[in-house]
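Let's take a walk through the aromatic rings of this model and then along one of its helices. Here are the sequence and structure to follow as you read.

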Amino acid sequence: MLLFLSTAASAAAQDWRAASREPVGLAPDAKVVREAVVQVYGARTRGLKGLFGVHTWVAVKPTDAPGWTVYEVIGWRLRYSDSALAVRTRDPDGRWFGSEPELYAEKRGAGVDTLIERIDKAARSYPYAKEYTLWPGPNSNTFTAWIARAVPELQVDLPATAVGKDYIGSTFVSTAPSGTGFQFTLGGVFSVVASPVDGFELNLLGLNFGVSGTGVKLPMVGRVGLPHFFETAKR
């Protein structure tokens with residue numbers, strides 16, 4: 001824990017303009033790999049916020065596409081645009097202003113082009129694109145959960161640090177953030193989740209506690225156990 005806090009504090013002190021955005025080698029080269037690929041990532045946010053939360057995004061590469069398209073919500077876009085939603089070409093596994101990304105889910109091959117079409121449709125119908133609230137949402141993790149609910153085949157198990165994933169507006173009941181199972185929530189401030197992907201989770205004021213097949217989920221820590229991607233790969 002002390003090592004984690006020290007690392008987070010160091011990242012917080014780093015000038016974001018000089019922070020690395022370099023890829024870390026988790027994504028296949030689009031110029032080499034012909035098959036369709038979808039990946040879901042997350043990385044600690046900038047500044048002290050990174051002690052508590054991650055920024056998440058979805059990256060897609062259709063069959064024979066020469067590059068990657070990344071879908072994400074970025075709050076500061078609202079300073080100069082009427083939408084926080086960004087759909088752009090960038091390295092899918094690039095560091096998020098110095099923070100190393102973690103791969104949460106991946107799908108490849110047959111049928112993935114259809115998933116990509118559904119991801120694009122869901123992203124462009126995201127209902128909170130014109131607003132952004134760090135806590136309890138809507139934020140970048142609300143967006144990624146919106147995509148995961150629309151495309152449950154991705155089997156995305158977001159960590160406890162994906163603050164905002166439980167925000168579903170004025171609705172009280174929905175599927176879990178993975179698009180499977182069940183969720184009851186009060187504005188993302190309190191929620192209970194039960195699903196075969198997310199496991200069992202309890203959210204109290206944005207502090208998420210839970211257990212699933214990928215390990216134990218804890219506030220600030222995120223997850224103690226294997227990332228969901230590796231658990232899925234073994235099945």
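Which residues do ring pairs link into a cluster? They are Tyr41, Trp57, Trp76, Trp96 and Phe97.

## About the model

This is a predicted model, in which local features need pLDDT of at least 70 and side-chain atom pairs count only at pLDDT 80 or more, while totals for chains, interfaces and linings use all residues. Residues are numbered from 1 along each chain as its sequence is written, and side-chain values use heavy atoms, with hydrogens and water left out.

## Ring pairs

Rings of Phe, Tyr and Trp (its six-membered ring) pair if their centres lie within 6.5 Å; planes under 30 degrees apart count as stacked, over 60 as edge-to-face and the rest as tilted. By this rule there are 9 aromatic pairs. Take Trp76 and Phe97: the ring centres are 5.6 Å apart and the planes stand at 70°, so this pair is edge-to-face. The two residues are 21 apart in the chain, with Trp76 in the loop between strand E3 (69–73) and strand E4 (85–89) and Phe97 in the loop between E4 and strand E5 (102–108). Helices (H or I, at least four residues) and strands (E, at least two) are DSSP runs, numbered from the N terminus.

Buried means under 20% relative accessible area, exposed over 50%, and partly exposed in between (1.4 Å probe, protein chains only). Trp76 is partly exposed at 28%, whereas Phe97 is buried at 12%.

Now for Tyr126 and Phe143: with centres 5.1 Å apart and planes at 85°, this pair is edge-to-face. Tyr126 lies in the loop between helix H2 (112–124) and helix H3 (140–150), and Phe143 lies in H3, 17 residues apart. Tyr126 is buried, at 5% relative accessibility, and so is Phe143, at 0%.

## Charges over rings

A charge sits over a ring if NZ of Lys or CZ of Arg is within 6 Å of the ring centre and within 35 degrees of the ring normal. Arg46 lies over the face of Phe97, 5.5 Å from the ring centre. Arg90 does likewise for Trp57, at 4.7 Å from the ring centre.

## The two sides of H2

The buried residues of H2 are Val112, Leu115, Ile116, Ile119, Ala122 and Ala123. They cover an arc of only 125° around the axis (taken from the directions from the helix axis to the C-beta atoms), which puts them on the same side of H2. The face turned away from that buried side carries the exposed residues Glu117, Lys121 and Arg124.
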